[in-house]
There are 4 protein chains.
Amino acid sequence: MPGNSFGEIFRITTFGESHGAAIGVVIDGCPAGLKIEKKYLQQELDRRKPGQSKITTQRKESDEVEILSGIFEDTTLGTPISLLIKNADQRSSDYEHLKNVYRPSHADFTYQEKYGTRDYRGGGRASARETAARVAAGAIAKKLLEKIARVKVQAFVSSVAHLTLEKDYTAFKLSDAEKNIIRCPDPLLAEKMIKFIDRIRKEGDTVGGTVSCVIQNCPAGLGEPVFDKLHADLAKAMLSINATKGFEYGSGFSGVKLRGSQHNDLFEKKGRKIITKSNHSGGIQGGISNGMDIYFKVAFKPVATIMQQQDSVTSEGKKTALKGKGRHDPCVLPRAVPIVEAMAALILADHLLRNNSIKLSAFMNRK
Amino acid sequence: MPGNSFGEIFRITTFGESHGAAIGVVIDGCPAGLKIEKKYLQQELDRRKPGQSKITTQRKESDEVEILSGIFEDTTLGTPISLLIKNADQRSSDYEHLKNVYRPSHADFTYQEKYGTRDYRGGGRASARETAARVAAGAIAKKLLEKIARVKVQAFVSSVAHLTLEKDYTAFKLSDAEKNIIRCPDPLLAEKMIKFIDRIRKEGDTVGGTVSCVIQNCPAGLGEPVFDKLHADLAKAMLSINATKGFEYGSGFSGVKLRGSQHNDLFEKKGRKIITKSNHSGGIQGGISNGMDIYFKVAFKPVATIMQQQDSVTSEGKKTALKGKGRHDPCVLPRAVPIVEAMAALILADHLLRNNSIKLSAFMNRK
Amino acid sequence: MPGNSFGEIFRITTFGESHGAAIGVVIDGCPAGLKIEKKYLQQELDRRKPGQSKITTQRKESDEVEILSGIFEDTTLGTPISLLIKNADQRSSDYEHLKNVYRPSHADFTYQEKYGTRDYRGGGRASARETAARVAAGAIAKKLLEKIARVKVQAFVSSVAHLTLEKDYTAFKLSDAEKNIIRCPDPLLAEKMIKFIDRIRKEGDTVGGTVSCVIQNCPAGLGEPVFDKLHADLAKAMLSINATKGFEYGSGFSGVKLRGSQHNDLFEKKGRKIITKSNHSGGIQGGISNGMDIYFKVAFKPVATIMQQQDSVTSEGKKTALKGKGRHDPCVLPRAVPIVEAMAALILADHLLRNNSIKLSAFMNRK
Amino acid sequence: MPGNSFGEIFRITTFGESHGAAIGVVIDGCPAGLKIEKKYLQQELDRRKPGQSKITTQRKESDEVEILSGIFEDTTLGTPISLLIKNADQRSSDYEHLKNVYRPSHADFTYQEKYGTRDYRGGGRASARETAARVAAGAIAKKLLEKIARVKVQAFVSSVAHLTLEKDYTAFKLSDAEKNIIRCPDPLLAEKMIKFIDRIRKEGDTVGGTVSCVIQNCPAGLGEPVFDKLHADLAKAMLSINATKGFEYGSGFSGVKLRGSQHNDLFEKKGRKIITKSNHSGGIQGGISNGMDIYFKVAFKPVATIMQQQDSVTSEGKKTALKGKGRHDPCVLPRAVPIVEAMAALILADHLLRNNSIKLSAFMNRK
């Protein structure tokens, strides 16, 4: 019930403040018998880690993952998998100046209001550092999806500020996104985005953008009607990521301008499968996957920590001013890509396991 | 765990197929001692019911609510509140022609894939009829919010197809939305919207649009960090409503084009309260309410049932064509307004109760 | 989270006060495709209903079940099944004298303390009337167990006060229990029990006893290690029934007097199965079923409502005296038998569905 | 949903196999502002650790606790508290002989059946080692109970095999239990128990017994009606502990032999409080605490690992024999005492937080 767990059957619980001893995650509900190597988990974490390029924060953190339980001889046991990432040594003195100040558009004020106390050394649980735990857990979910159903989850940067991928995702080879540091599948646009972010960074400012995600080979039938619709759970998953402001899937906000006669996806038979001619539904109808590609887009605001002086107040309400110190991201987007993938994989793995129980015939076929 | 329950402490479970005996809701976790009159519940339901104006479906259903439990002498007992709405008599023969056909952009196909069976007499659980149960439950949540914290939830239609409310919500008296049948607070725009929908209806087509919602007087501290962020839970709540395609809060998708220096909300002291000068955050920072207005927008696609002939396939995959019969909504927006309010109220009531447990000082002050 | 729901995947929510309009249950998570006839549900309810013999309360209630949703053409849809049992007309005036009095060993006082209010017309949610809803839901769970795995759940009365079934359950034909009104499989002992209860009833007093239950054909592997051990969940299920005081399974409380060398169940191979020679484990090892018979015993205290005058206090703490009116059970045991079966079936059905998700190989075998 | 989490609001998740890298626990939902020193946690763990006396296993493990998150400057933050206990180095070779053998009355067979794989180096999650994580979490729950409501939880050994504490708990000073190594509050009986266990140990055999527990100062109103009755949740908590066979509270199994007129607890006013003259109810009526002492008893079977040769089968079903190696407990009871306390404290803390939300008046009094 408290907010640090996610998922119903494939269920994760993350823990750890950004400037405490460690962050980590417990994954409960992963089926037994799945091959998981530590090396693979580390590769996924490396896609998120700071310091990976000139347009991310220059902080160097190794983010080395330790497997504490649930995996024996490189195979899941069906018991809780616990993964730990130790924090680099933190000098608390670096943060004394933030003890009584509320940073604009951070969670300092709201944490203080909610709890009456907070770990003032940094963002604590509100820090994006917590998402490393999600990426580690998501890596296991991805492996499960691949193993059970060959489901593939691929995210990429679809806009940075005004620089927007104009064409549909089908126009690109999505895996190309991993070939440049902004993770955009269009190499020319990627170049422009990188230059733009670099310019903004030099101004001590930050920018936002969008990450899109495509899920391929998702079997029909995932998602629960009514409240736990597949797209509703994806929306929650995405908006639980730091700095997000919006979510749309399929035709999204622009779909509201179409007529029903334009928007409806007509069924047809193709080989032995029933498919839809168009896919405004984004692969989900009535909250349940229909076997077509699932695609969605997530809005990220510009990073709140800027290298310019800003007005603020102390916890007593006195006027003060503060300026970001240290090495922060001018733009979260490239590092957000693996996080979006991880959250999508977690939702799908959970719904795949949930879907098991509802169709008697499927049950009866099992020994 | 199955998908028909919603909320953690203030928890609802809805039931009922659109063409079965009845639909209803059980509300578990509502505090004892709240005054609830049946008349009040009926008023809220009447805002959602069909046949209320020329731009909604002309079906006449009384949607009369019965209180089965949990309320004694017009006061909640703290025990589960069960509310029932009987369905009008259905002639199954009216639906025989749909038994083996998949209506485009409906959930017929996905239900059949998921369950291997379905109630072919109509949308079943995928029908928007299910939302009447949510509106009834939401009415109780609203009352609770009002009683405990004077929180006010107000939704309105902010666009119909291309017809968009250009100004900020602060430019309008939101309660004016209830004065016209499209539920838009701008009377001139409302007039245009109504005419437009009427035209589309005559063409046998349908349109989409957006509903916006504003929450006032929300205390700071609601929302749980990490996964159950207040805006993440609002997103899920909204996208669990039929026909939705997207959600954004605060600066939303347009916020991604701003710089950090433009987007940050600077704190200042006003009287005894700490507020923010701007409100791009939409009243939520780090997933926790900060005491400012919460506002968000929800995208609704055009209704899938149109009065024009469309191609489709049967459950065996044979080509067929079908055309909507009966009396359907050309546009769901005016009837969606109370549903958006209900879902927002349910999320807030739940988070209000959840927030109780986490701050020891608050606890200690109680006898 | 509030306490009126039970189960994780096969999940029920009950509602209704004993003297309100109706009681009922919503079952969410039952697989689609299960045959359920109303007649069958009614038969199970009739085993619990009042007035069935001279040793139960003489109140006549028809307890007629209505199916509101989730079942179409006598087959489950996979959507929530809602069952309703209307209460017979209650004359509130009959209960005015209880408005301000706390009946000894009832829940009047604790409800008032917890909620600050209560439905004084009777036990409200604390009334055993609520268990009718459980029996209805349990009937569906039983059908599911039978269909998927031929699991059989059989309860019976194993003692009334000092009159105890001395032999092991294997010495009896358990279905014989349904042949007498006390539901004890030993016809001679049953006769003595019935006479004894009849005598106590005439004295205006009540008696307690035990109900035992045997589960046959349970597949190995049900139950989750650590907290949701199968016997831990059975214990909770049983102690959630009104008037219960204790639970033991396998060797139970008497097993504590044995040595390890006496208590251990040695494995052996029988045909193609691995079984245990003895069964002190009661079919559960490490919280997980091992394929042997599961058996357990539940203690029920004597009914609190007696036809003798007792001292008590009013809600203001003034001395008063009260005496039971109306027609109450001198002994709950025969009517408790179907309730014990229902709760056992609900736990098993839930664990059967939960067990689906944890073994990858099982998963891979499915299409 | 998977079985490694416990509690609704004060919620713990444990992880770790007995012979893996570490075991640990994440506590989510503990209120902010509670003082917790590492030293205190270690003291509670030391009450459970092996090697503490001649009647427990002679294995030496330091069981040193590390705080990874959720506590800053010795004060809870309201964020998840993560505690880690590293396992001493394990030589896997010691366990090779168990790889394909099912130990009698252990969970080897059932784990293999459930998961299709297991960590054969030891009991894995079924090992009592997992309970160290519970004791650490329970220590925090105890502190919370003490701080908010001065609730006191005290367990003790009430029988070893046939050696039984004959008098009621009120006849003893319960804290005396900590003065001897068997943890029985009667020093003479304790002496006999210790001698008896020592004799059995020399025979290479093991014994069972019972642990009783008393909860004082519990406020009235804790526990939820219907399924989450306080005693039902206590029963589940206790039976989730390794080696347990039964649970009874208040008059328990012996109460079934009384008449209603003997068993009923009559109310009376004492000072400003309403109390009961007797306490057969064990402090709980209708599933809700009534302010009197809560007391219950838990049955523990004899330890399954004995130092005598026993028949068994291999995973292929071949006959084999095996004999316990190493240093095992001849009797779990003294080490079970802090585990029983921990589980009771976890249930009470959870219900204390849950009870917050249901009474509107309590709500309104808060700022």
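## Sheets that span two chains

Two strands pair if DSSP finds at least two bridges between them. Strands (E, at least two residues) and helices (H or I, at least four residues) are DSSP runs, numbered from the N terminus. In this predicted model, ten strands form an open sheet in the order 9(C)-8(C)-10(C)-16(C)-11(C)-11(D)-16(D)-10(D)-8(D)-9(D), with antiparallel pairing. Its edge strands are strand 9 (163–164) of chain C and strand 9 (163–164) of chain D, each of which pairs on one side only. In chain C, strand 8 (residues 152–160) and strand 9 run antiparallel and are joined by two bridges. C:Val160 has C:Leu163 in strand 9 as its bridge partner.

Another open sheet of ten strands, also antiparallel in its pairing, has the order 9(A)-8(A)-10(A)-16(A)-11(A)-11(B)-16(B)-10(B)-8(B)-9(B). Strand 9 (163–164) of chain A and strand 9 (163–164) of chain B stand at its edges with a single partner strand each, so one side of each has no neighbour in the sheet. In chain B, two bridges join strand 8 (residues 152–160) to strand 9, and B:Ser159 stands opposite B:Thr164 of strand 9.

## Helices on the sheets

Contact means heavy atoms within 4.5 Å. For angles, axes are lines fitted to C-alpha atoms, for helices over the stretch in contact, and values run from 0 to 180 degrees between N-to-C directions. Helix 7 (residues 333–355) of chain A lies across strand 8 (152–160), strand 10 (209–216) and strand 16 (294–300) of chain A, at about 145 degrees to strand 8.

Helix 5 of chain B lies across strand 11 (244–249) of chain A as well as strand 11 (244–249) and strand 16 (294–300) of chain B, at about 155 degrees to strand 11 of chain B. Buried means under 20% relative accessible area, exposed over 50%, and partly exposed in between (1.4 Å probe, protein chains only). Ten of the ten residues of this helix (residues 230–239) are buried, so the helix is largely enclosed by the rest of the structure. Among them are B:His231, B:Asp233 and B:Lys236.

## The nonpolar core

A nonpolar core is a set of buried Ala, Val, Leu, Ile, Met, Phe, Trp, Tyr and Cys residues joined through side-chain atoms within 4.5 Å. The largest one has 379 residues, and those with the most contacts inside it are A:Phe296, B:Phe296, C:Phe296 and D:Phe296. Leaving aside residues up to four places away in sequence, D:Phe296 touches residues including D:Val211, D:Leu234, D:Met238, D:Phe247 and D:Val340.

## How the copies meet

Contacts link 111 residues of chain D with 112 residues of chain C. Buried area is the accessible area (1.4 Å probe) that two parts lose on being put together, summed over both. Between chain D and chain C it is about 8,500 Å², of which carbon and sulfur atoms give 61%. On the chain D side, D:Lys114, D:Phe227 and D:Lys245 lose the most area to chain C, together 11% of what that side buries.

## Notes on the model

Residues are numbered from 1 along each chain as its sequence is written, and chains are lettered from A and ligands numbered from 1 in the order in which they are written. In this predicted model local features need pLDDT of at least 70, side-chain atom pairs count only at pLDDT 80 or more, and totals for chains, interfaces and linings use all residues, while side-chain values use heavy atoms, with hydrogens and water left out.
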